[in-house]
Number of protein chains: 2
Amino acid sequence: MISVVILGAGNVATHLYKAFKASDNVVIKQWYNRHLERIRSYSNEVDISDDISQLVEADVYIIAVSDDAIAPLSEQLPFENRFVVHTSGSVSAYDLDKKNRRGVFYPLQTFSKAAKVDFSQVPICLETLRKTDYMPLKRLAICISDITKRVNSDQRAALHLAAVFVNNFTNQLYRVAHEITESQGAEFDLLKPLILETAQKVQDHSPFMSQTGPAKRKDKKTIKKHLKLLDNAQHKEIYKLLTASIQHTHGR
Amino acid sequence: MISVVILGAGNVATHLYKAFKASDNVVIKQWYNRHLERIRSYSNEVDISDDISQLVEADVYIIAVSDDAIAPLSEQLPFENRFVVHTSGSVSAYDLDKKNRRGVFYPLQTFSKAAKVDFSQVPICLETLRKTDYMPLKRLAICISDITKRVNSDQRAALHLAAVFVNNFTNQLYRVAHEITESQGAEFDLLKPLILETAQKVQDHSPFMSQTGPAKRKDKKTIKKHLKLLDNAQHKEIYKLLTASIQHTHGR
């Protein structure tokens, strides 16, 4: 049995709470948040607190707060030499106050309040500054996920950056597609199967092998047609830049 | 029972052949291709031909060839006043030779040789130049797909353009993510659940509502960190442009 204290009440903290709660091998000793209202609805199932001086003892303290709040919160912890991790993709483990043993427990997924998450399929990237802390963190991770991976800081930074491309930037391309279809009274919904298939395809094939379309085919006629259709200057720039990127990848 | 003749042997033609073949309400009278070898393996299940003068009679002739080949092939058809459609997203119905009744049967999906396609979930966009041709084409489409939609030329052009954004450009973002992770020896595979979830999320929520991340949060610190990490100039440009696009969408 591994005991944890969760600090924070955002999406990651809440989804982690639910995943830990569902595991037979993890006991959540306490859930801390600066504002108690955010977690009060859980008070019948877990010890909640807004008083950092009253944190109870646990094997792992998980700081799941916004990036900028990680360092100050870790400084406020009223104990030493315990095991403290944060859940951020882009913050260094060294940003945690050095009075405690430090690590990172980074779930590589997008979390929103509404959507349910199957945590067993969320890769958890692990990093510890002390070697002996790794196995306990790994044991905790496999309680909730089938995919755990030790990564160093550079790898985690690369994954976090790459995640912005496949998640935020991809979603923005969906948004541009939404604007393009709406401008002609066409249904964005018709694109949804294609969106899903595009994501599905790279589950089994590399993005390189999966590429198709006018840019890869060097189909100048279609590219010209498309650029003529785009009246939004920024959309035109995106079209040109990503077409150039595809042609760079696949040889001019 | 609706009878069809398929012309062409590319991915779309082959997937259409299989979908029609599986339907009880469609009979494939003939499969034509300029090069017989491409379709010879189907000769025991369908009449195949490479002789355009020998095309048999059918309710609908489906030209599924590359965009530039559509017009010349339609000119070579040795009959008049029959119903001829092409399957392209970006070619006008008027590009078909006017000696026949003309239309478009555009399946909005990405097709590759290897991957199986569940055609029932492929939206088919329909367009006919004569009103009376619409219902027969619709009847044919619903034999193989649950999602059929009448679109005009402008709407089809918008859908085709938008499809490039959600398919080719999105796939290129996956490719960039692949390069970023590989450059640090991190596993691209760890991003696959996120890729899938991103596509899944917009099935039920708008791209606007689905957006998260540093660009939307105006998290300058993380954006700066990311730009510093990117050593590829083109990747940096993509990062900047899509960040600007997100901030434009979500208000600066």
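Me: What makes 14 residues of domain 1 of chain A and six residues of domain 2 of chain A count as being in contact?
Reply: Contact means heavy atoms within 4.5 Å. By that rule, 14 residues of domain 1 of chain A touch six residues of domain 2 of chain A. The model is predicted: local features need pLDDT of at least 70, side-chain atom pairs count only at pLDDT 80 or more, and totals for chains, interfaces and linings use all residues. Residues are numbered from 1 along each chain as its sequence is written, chains are lettered from A and ligands numbered from 1 in the order in which they are written, and side-chain values use heavy atoms, with hydrogens and water left out.

Me: How do you know where the domains of chain A lie?
Reply: Domain bounds come from an automatic or database domain assignment. For chain A that gives domain 1 (2-151) and domain 2 (156-249). Their C-alpha centres lie 36 Å apart.

Me: What area is buried between domain 1 and domain 2 of chain A?
Reply: Buried area is the accessible area (1.4 Å probe) that two parts lose on being put together, summed over both. Here the value is about 690 Å², with 58% from carbon and sulfur atoms.

Me: Why is the pair E127(A) and R156(A) called a salt bridge?
Reply: The term requires a side-chain nitrogen of Lys or Arg within 4 Å of a carboxyl oxygen of Asp or Glu. E127(A) and R156(A) meet at 2.9 Å, N to O. The pair qualifies as a salt bridge. The count between domain 1 and domain 2 of chain A is one salt bridge. On the domain 1 side, β6 (101-107) and β7 (124-128) of chain A each supply at least two residues. Strands are DSSP runs (E, at least two residues), and helices are runs of H or I, at least four residues, both numbered from the N terminus.

Me: How do you know that E237(A) and K240(A) form a salt bridge?
Reply: Their closest N and O atoms are 4.0 Å apart. E237(A) and K240(A) are three residues apart in helix α9 (residues 233-249) of chain A, so about one helical turn separates them. The whole structure has 17 salt bridges over all chains.

Me: How many residues of chain B are in contact with chain A, and what area is buried?
Reply: 86 residues of chain B are in contact with 86 residues of chain A. The two chains bury about 8,500 Å² between them, 67% of it on carbon and sulfur atoms. In chain B, F165(B), V166(B) and L190(B) lose the most area to chain A, together 8% of what that side buries.

Me: What makes K149(B) and E187(A) a salt bridge?
Reply: Their side chains meet at 2.7 Å, N to O. The limit is 4 Å, and the pair passes. Across the interface of chain B and chain A the rule finds four salt bridges.
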